[in-house]
Amino acid sequence: MSPGDEHDSFGGVGGSGQTRTRLPEGNSGDVYGGARRPVRSSRSLITVVGVVVLLVAAIAFANRGETEPTDTAGPRAGTPGSTAPTSATGVRPVTGKNGQIPTGYAHDDQGAQSAATNYAVALGSVEMFQDGPRARIVRAIHDPAIAEGLVKQLDASYTADFLASIGLDANGGAPAGMTFVSRTIPVGTKVRNYTDTSATVEVWCTGLVGLAGAGSTKPVTSTWFTITEKLKWVGGDWRVESSTQNEGPTPVNGDNRASMADEIASAVEGYGGFTYAR
């Protein structure tokens with residue numbers, strides 16, 4: 001696959017309940033309209049992995065413009081697809097981190113949902129556009145059997161020409177005076193299938209992508225999409241084995257006034273993200 005593969009094309013929520021956010025992770029006249037993310041279907045070792053979906057999203061954009069305390073509660077019982085409480089349980093979602101990425105998920109369906117959600121956030125981050133950080137993310141969250149091949153494929157895809165087409169330099173940096181925005185914000189999760197060794201989880205998300213700054217020709221826009229991740233229990237944790245993405249469900253746009261570019265840049269730089277837990 002190359003960045004030019006797709007230029008025109010980029011699930012409901014229920015069952016076991018919505019994803020909830022926990023554990024803040026620090027601080028981390030423009031009109032922003034809605035953008036469509038292409039749909040990509042997985043068929044090979046490289047194209048099946050969810051990180052490739054982010055690359056496709058970027059293509060569409062180009063064309064239009066601490067260590068955590070140990071979880072002593074142990075695995076939580078539950079049947080995938082059954083009604084689950086929507087209030088916070090007080091059980092921490094993870095027991096540690098691999099770099100900035102939460103790891104050490106419970107070996108149950110709730111742990112799989114937490115893993116899929118946090119992995120979706122990592123794959124939708126600005127760091128995915130930078131060689132070193134991108135490789136660390138891919139290795140941290142994917143099945144080791146496919147991670148290295150994926151790193152090589154992505155390195156070949158995020159070329160200087162491709163990055164330039166979305167307004168970034170060869171290192172994935174934004175132009176002076178501008179802020180590159182790429183965030184995935186999960187709304188809810190649903191377990192499709194679950195066994196002791198595998199799980200299929202849908203993550204309904206909204207996202208932000210674009211360049212915020214005076215004179216930007218690629219303003220930050222919002223999107224809605226559902227990522228379906230197939231996870232595998234490997235080495236005592238859930239890892240991504242493959243994923244696909246579909247557009248929506250998409251709500252009707254509200255009547256909010258579109259913010260100026262400097263407001264968007266300030267918000268992205270001033271509001272930190274979260275570790276997500278089912």
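Because the model is predicted, local features need pLDDT of at least 70 and side-chain atom pairs count only at pLDDT 80 or more, while totals for chains, interfaces and linings use all residues.

**The whole chain**

Start with a cartoon view, in which six helices and eight strands can be picked out; helices (H or I, at least four residues) and strands (E, at least two) are DSSP runs numbered from the N terminus. Along the sequence they follow the pattern β-α-β-β-α-α-α-α-β-β-β-β-α-β. Switching to a surface, you have about 12,500 Å² of accessible area, 50% of it belonging to carbon and sulfur atoms, as computed by the Shrake-Rupley method with a 1.4 Å probe, where for residues only the protein chains shown count as cover. Of the 278 residues, 50% count as buried, a term that means under 20% relative accessible area, with exposed over 50% and partly exposed in between (1.4 Å probe, protein chains only).

**The cores**

Next select Phe 129 and Leu 231, which touch the most other members of the largest nonpolar core, a set of 36 residues. Such a core consists of buried Ala, Val, Leu, Ile, Met, Phe, Trp, Tyr and Cys residues joined through side-chain atoms within 4.5 Å. Among the elements that each supply at least two residues to it are strand 3 (101–105), helix 3 (131–141) and strand 6 (221–234), but the largest share, seven residues, comes from helix 2. A second, separate core of six residues includes Val 181, Ala 212, Val 220 and Ala 265.

**The aromatic rings**

Now show the rings of Phe, Tyr and Trp (for Trp, the six-membered ring), which pair if their centres lie within 6.5 Å, with planes under 30 degrees apart counted as stacked, over 60 as edge-to-face and the rest as tilted. The whole structure holds eight aromatic pairs. In one of them, the centres of Tyr 105 and Tyr 119 are 5.7 Å apart and the planes stand at 85°, so the pair is edge-to-face. Because Tyr 105 lies in strand 3 and Tyr 119 in helix 2, the pair ties together parts that are 14 residues apart in sequence. Tyr 105 is buried at 3% relative accessible area, and Tyr 119 is buried at 0%.

Move on to Phe 274 and Tyr 276, an edge-to-face pair at 6.4 Å centre to centre and 70° between the planes; here Phe 274 is partly exposed at 36%, whereas Tyr 276 is buried at 7%. Then select Phe 129, Tyr 158, Phe 162 and Phe 180, which form one aromatic cluster.

Finish with Thr 184 in strand 4 (residues 179–194), which is buried at 7% relative accessibility. Leaving aside residues up to four places away in sequence, Thr 184 has contacts with Ala 120, Val 121, Gly 124, Cys 205, Thr 206, Gly 207 and Phe 225, a contact being heavy atoms within 4.5 Å. Val 209, in strand 5, is buried at 10%, and its C-alpha atom is separated by 5.1 Å from that of Val 181, 28 residues apart along the chain.

Notes
Residues numbered from 1 in each chain as written. Heavy atoms only, no water.
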